[in-house]
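Colleague: Please give me a close look at a single part of this model. Start from one residue, then show me what is built around it.

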Amino acid sequence: MNYGKQFIDEDDIASVIEVLKSDFLTQGPKVELFESKISDFVNSKFAIAVNSASSALHIACLAIGLKKNDIFWTVPNTFVASANCGIHCGAKVDFVDIDYQTLNISILSLEEKLIHASKNNSLPKVLITVHFAGQPTMQEEIFNLSKKYNFKIIEDASHSLGALREGEKVGSCKWSDISVFSFHPVKMITTAEGGMAVTNDISLADKMKSLRTHGIVREENVMNRKNQPSFYYEQQHLGFNYRMNDISAALGISQLQKIEKFVQKRNYLANFYDDQFEDLPFKSQKIIENTLSSYHLYVITLDRNYLKIHSRNELYEKLLNQGIKTNLHYLPVHLHPFYKSMGFDDGHFPVSENYANSSLSIPLYYSMTESDQEKVIKTFRKIFND
């Protein structure tokens, strides 16, 4: 039993077969339709489909103007793509530690770091927030800080399609410039591989559309040369081949129709875990008020008293021996060799480091059955009661 897995039904399969029999396989009408469906769902004005969330983060940074020697911040408790995207732009990364209960960026640590950076003339140009495990960050508070300290916001919402904060759907960009989603198989919906950037700013949308296709534009109103034949196009800056194909988009369209029941089932499973694990020596992620998590992950963090006797790695191996595969999300970004070579080291972000040494993501996915979940619960009880 894995910690996560995709759910594919007959409608999904039929949607892909339909495209395979059509005239378009690469970027075509299904991509455009998928973009409009996502925009409608999250209440954004524009959506740009790409081949991965990593690609979406990269073009989001470029569109927002992040460049060589600029400073950007993110959190250590994330996949490396949240930091790599700015490095690819030549910018300099720094991190803000997480809150030990919500596992999202600590608003207190962020404000303290901004005050210090303001005094030292080292404020970030961009802050990349991460909605860990499906819980949105307190974007409204971060947005207020952005107005005071003049930084742009990219939401790495890879985990949180279908989530809500203060009644706002993640992706509405009410409190950010750009939001990014992932459609990797273990995420909320899948396109096999794929990502999406959403925004309400037409200039950012146009720039990202161009960047995903080699920096090429085809619209006459933005071309340098006017009155050209319909086949004419211009490369106006250096871009990439980050396009999504119609096969992936068709799968995404079909999957999106199930997003609300996906989120509902994940919340049901998570709440049942919470009830059943109440007396065991670990805690789950605290979900803050006025928030609906999409529960991409269900994470447990072991109590310190338990860790004095047993290690997290012991628990991992015991679960694995019982056929239950768990995972760590994540190894702190700043402790990877690439980032340590920049000067980051152990002890720099202690909350993220302590979390990484005491936590596991345990099985939670839409197709998880009652018997699957009972097996996990009984296995935990046996391990902790032996």
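Modeller: Set aside the neighbours of S179 within four places in sequence, and its contacts (heavy atoms within 4.5 Å) are E155, G171, C173, M196, A197 and V198. This is a predicted model: local features need pLDDT of at least 70, side-chain atom pairs count only at pLDDT 80 or more, and totals for chains, interfaces and linings use all residues. Residues are numbered from 1 along each chain as its sequence is written, and side-chain values use heavy atoms, with hydrogens and water left out.

S179 sits in strand β8. Strands here are DSSP runs of E, at least two residues long; helices are runs of H or I, at least four; both are numbered from the N terminus. S179 has a relative accessible area of 0%, so it is buried. Buried means under 20%, exposed means over 50%, and partly exposed is in between (1.4 Å probe, protein chains only).

Now step back to the sheet. It is open and has 7 strands, in the order β1-β9-β8-β5-β4-β2-β3. The pairing is mixed. Two strands pair if DSSP finds at least two bridges between them. β1 and β3 (92-95) are the edge strands, each pairing on one side only. Neighbouring strands are turned by 20° against each other on average, direction ignored. Such angles run from 0 to 180 degrees between N-to-C directions, and the axes are lines fitted to C-alpha atoms, for helices over the stretch in contact. In general, side chains of a regular strand alternate between the two faces of the sheet.

How far is S179 from F95? Their C-alpha atoms are separated by 19 Å. Along the chain the two residues are 84 apart.

Go next to E155, one of the contacts of S179. E155 is in β5, opposite T129. There β4 (residues 126-130) and β5 (residues 152-156) run parallel, joined by 5 bridges.

Follow β4 onward. The loop between β4 and α6 (139-149) holds A133. A133 has a positive phi of about 65°, although it is not a glycine. A133 counts as buried because its relative accessibility is 0%. N69 lies in the loop between α3 (53-64) and β2 (71-74). N69 counts as partly exposed because its relative accessibility is 47%.

Helix α6 brings in a charged pair. E140 and R165 meet in a salt bridge, 2.6 Å from N to O. The term means a side-chain nitrogen of Lys or Arg within 4 Å of a carboxyl oxygen of Asp or Glu. E140 is in helix α6 and R165 in strand β6 (residues 164-165), so the pair ties together parts that are 25 residues apart in sequence. Both partners are buried. R165 also meets E166 in a salt bridge, at 3.5 Å. E166 has a relative accessible area of 40%, so it is partly exposed. A search of the whole structure finds 12 salt bridges.

Return to S179 and look toward β9. Contacts of S179 include M196, A197 and V198, and β9 spans residues 195-199. β9 pairs with β1 (residues 46-50) in the antiparallel sense, over 5 bridges. F46 stands opposite T199 in β9. β1 is mostly covered, with 4 of its 5 residues buried. Helix α2 (residues 29-42) lies across β1, β8 (178-182) and β9, and runs at about 130° to β1.

One more residue comes up against this region. Y242 is in contact with A49, V50, N51, S55, H58, I59 and R212, leaving aside neighbours within four places in sequence. Y242 lies in the loop between β11 (234-235) and α8 (246-256). Its relative accessibility is 17%, so Y242 counts as buried. From Y242 to S293 is 51 residues in sequence and 29 Å in space, C-alpha to C-alpha.
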